[in-house]
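Have a look at the structure, try each task, and then compare your steps with the solution.

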Amino acid sequence: QLQEFFQDGCNILDFFKKHRGEHFSKKGYELIGCEVPVEMDLQKNLKWVGYLDIVIKDTIRDVIKIYDIKTSTMGWNKYMKADKNKTNQLLLYKHFMAKQLEISEDKIDVEYLILKRRLYENMMYPQKRIQAFSPASGKPSVNKVMNRLQEFIDECYDDKGKIIAHNYEKCEKHKKCRSCKDL
């Protein structure tokens with residue numbers, strides 16, 4: 001199994017080297033960094049800490065782009081793209097990066113790069129190993145995520161930042177989940 005994952009990684013890297021221009025351009029772009037830390041103090045003695053996989057600045061439009069890299073067996077389907085538990089991560093990154101840099105959220109774009117370990121066999125058309133996906137990331141979407149975060153903090157933490165002992169109800173998605181049945 002380790003050998004399979006190693007070979008999958010090599011295939012992804014080979015594909016990326018041949019097609020990197022489709023995702024990243026040298027002209028008009030500047031690498032801000034990889035694994036860029038974003039830290040922000042929250043209320044109740046809590047702190048947000050995140051590490052952004054890749055951050056690039058579009059020097060022509062004066063916009064920052066945050067990339068989050070995910071691996072997947074065969075890519076994300078429409079249900080995975082609609083899963084807010086997956087896509088909200090980048091919206092939180094966008095919000096806190098804007099605050100940290102003291103810029104408007106409008107000056108930050110977000111995108112997932114989904115690295116496919118496997119490709120479908122016997123397809124008529126060539127397939128790409130890298131799938132790009134940008135979730136809705138406007139003001140309404142970011143506000144919803146921030147409201148969800150606030151609800152979580154209010155429900156789970158006291159004023160001193162200690163976890164409130166409580167029997168938390170599972171969300172609808174996880175009611176039949178074997179891995180979290182003991183929650």
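**Exercise 1. Find the residues with the most contacts in the largest nonpolar core, and the elements that build this core.**

Solution. Next, assign elements (DSSP runs numbered from the N terminus, helices being H or I with at least four residues and strands E with at least two). At least two core residues come from each of S1 (29-41), S2 (47-58), S3 (63-72), H3 (84-101), S4 (108-116) and H4 (139-156). H3 gives the largest share, seven residues.

Before going on, two notes on the model. It is predicted, so local features need pLDDT of at least 70 and side-chain atom pairs pLDDT 80 or more, while totals for chains, interfaces and linings use all residues. Residues are numbered from 1 along each chain as its sequence is written, and side-chain values use heavy atoms, leaving out hydrogens and water.

**Exercise 2. Work out which side of helix H1 is buried and which residues the opposite face carries.**

Solution. First list the buried residues (under 20% relative accessible area; exposed is over 50%, partly exposed in between, with a 1.4 Å probe and protein chains only): in H1 they are Asp8, Ile12 and Phe15. Their arc around the axis (from the directions to the C-beta atoms) is only 65°, which puts them on the same side of H1. Now turn to the other face: Leu2, Gln3, Phe6, Leu13, Lys17 and Lys18 are exposed there. Finally, look for the cover over the buried residues, which includes S4 and strand S5 (130-133).

**Exercise 3. Classify the ring pairs that Trp48 forms with Tyr93 and with Phe96.**

Solution. Recall the rule: rings of Phe, Tyr and Trp (its six-membered ring) pair if their centres lie within 6.5 Å, and planes under 30 degrees apart are stacked, over 60 edge-to-face and the rest tilted. This rule gives eight aromatic pairs. For Trp48 and Tyr93, the centres are 6.3 Å apart and the planes at 65°, so this pair is edge-to-face. Trp48 is in strand S2 and Tyr93 in helix H3, so the pair ties together parts 45 residues apart in sequence. Trp48 and Phe96, at 5.0 Å centre to centre and 25° between the planes, are stacked. Both Trp48 and Phe96 are buried.

Key: A nonpolar core is a set of buried Ala, Val, Leu, Ile, Met, Phe, Trp, Tyr and Cys residues joined through side-chain atoms within 4.5 Å. Contact means heavy atoms within 4.5 Å.
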